[in-house]
Amino acid sequence: MSTCVYGIVADSHPLGLDGLRGIGAPGSEVRVVGEAGLAAVVSTAPERVRAKRRDVLAHQALLDRLGGQGTVLPMRFGTVAPSDEAVAGELRAGAGHYRSLLEELRGRVELNVRAAHSEEAVLREVLREDEGLRETCAELRAAGAGIGDRLAFGESVARAVEARCRRDADRVTGALRGHAERVSLGPLVNGCSLNLSILVDRDRVGAVEREVDRLREALDGLADIRLHGPLSPYSFVAAGRPAAAG
Amino acid sequence: MGLVGMILTAPFAPLRAVPWVARQVLDAAEREFYDPAVIRAELAELWARYDEGEIDEAGFDRAEDELLARLEEAEAIRGGPPD
Amino acid sequence: MSRAGTLYDVLDLILDKGIVIDVFARVSLIGIEILTVDVRIVVASVDTYLRFAEMTNRLDLTHNSKAQTLPEMIGDITEKGAQGKGRGALSGAAEAVGDIVRPKGSRKEDDGDEEEAKPRQRARSASDEEKAKPRVRARRPRPDDEDAR
């Protein structure tokens, strides 16, 4: 068995984890490894961790709870150490780095904003705005276009749709950047046009929600905008620890 | 899928090209099948349908295991875990 | 805190971000950031281009031939299109487009609440004859993913 690590907090953190279980079925016992003024929340884990929904939920629930009580540095899901001693060793080796990260993230949360365009609505908008496209479309229809022409025309439409989606995405980012301490743009998964994470002071969450409402209204019918969070700062803990920063 | 779409809309493809085309289609289909981003999207979709109550626990568990197994195979095909 | 209902929406944060300790093992999932992150919103492929050409042609026809105003025309699509709710992926054109038709006054209740009681069909695009979901889809550029073979 090895040790699954969920998050790192300062040892002054309340660590109110009752009622929560770690990964595995039926959930594993959660415990704390303390070292160098830090505490890592861990549980025993099988050798091989997989992204089962219940395990990802357990991971997320632990981090949500820890984040609600103070500052937490979230581990990537499924981070497994050979033993508790190895975890303590890592806390010792990286104490300076983790402490400065905790300080930097104190009182801040991550909010994630995703925009997903309705393809047909964007297409209408592009057609309405671009007379050239409409003309080409009519010409192609009249002349009975071959595959080459249709391909070229389709590409120009696709470019216009992409440009419009990007313009809207940039508009959302621009509007939210003002609220953010830091900004992280994520991969466009699941067909979204924007996957934006922002690090905000906890007391600004309300302002961001109002801003997102305004943006939703402005892009109503064109794009669906979703706001997730407050989340623990997944996107702002810098994946790896620089070896030197011990 | 990219190539499949093209095949259907290109009636003039000469017959002798079929084996080559067929192999391309299989390649494309297989690549899509093992594309981690596609599997990830399917995983998220599966969760969503489970949250919506469209699948029961047992059905969900089986489908999830199958997707996760495919994700691990995809990783084997692409040369081992990231670290 | 984010509810289970929206967890799949932030799955990539949980699986690909967060602290990584190199000496420790990680779940053997391929992190998205390992692949070249495709910043393209529209998939660049023959299939997509031909689909766009066809959709544009259809929309352009409806726009010119009948003397309808934009909202009425969209109304037709809304009836024809599947009702449904966007979820993470590109939202169903029917519902999103339907918003345009709704008179400005009635504010649509917050879209984000996942726990609505009423059962919802999964979102599908309004162009019903399309088998594959025609979506603006971001995808990894596969090494040999050039347009025409």
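Reply: Helices here are DSSP runs of H or I with at least four residues, strands are runs of E with at least two, and both are numbered from the N terminus. On that basis chain A of this predicted model has seven helices and eight strands.

The part in question is an open sheet of four strands, in the order β6-β7-β5-β8 of chain A, with antiparallel pairing. Its edges are β6 (182-185) and β8 (223-231) of chain A, each of which pairs on one side only. Ignoring direction, neighbouring strands of the sheet are turned by 20° against each other on average.

One flank of the sheet can be followed in more detail. Strand β5 of chain A covers residues 108-117 and is joined to β8(A) by seven bridges, the two strands running antiparallel. Within this pairing, Ala116(A) has Asp224(A) of β8(A) as its bridge partner.

Helix α7 of chain A, residues 205-218, packs on the sheet and touches β5, β7 (194-201) and β8 of chain A. The direction of α7 makes about 170° with that of β8(A).

As for the chain around this part, the C-alpha trace of chain A spans about 75 × 40 × 40 Å along its principal axes. The radius of gyration of chain A is 24 Å, whereas a compact globule of 246 residues would have one near 18 Å. Of those 246 residues, 56% count as buried. Among contacts in chain A between residues at least 6 apart in sequence, 76% join residues at least 24 apart.

Conventions: Residues are numbered from 1 along each chain as its sequence is written. Chains are lettered from A and ligands numbered from 1 in the order in which they are written. This is a predicted model: local features need pLDDT of at least 70, side-chain atom pairs count only at pLDDT 80 or more; totals for chains, interfaces and linings use all residues. Side-chain values use heavy atoms; hydrogens and water are left out. Two strands pair if DSSP finds at least two bridges between them. Axes are lines fitted to C-alpha atoms, for helices over the stretch in contact, and angles run from 0 to 180 degrees between N-to-C directions. Contact means heavy atoms within 4.5 Å. The radius of gyration is taken over C-alpha atoms; the globule rule is 2.2 Å times the number of residues to the power 0.38. Buried means under 20% relative accessible area, exposed over 50%, partly exposed in between (1.4 Å probe, protein chains only).
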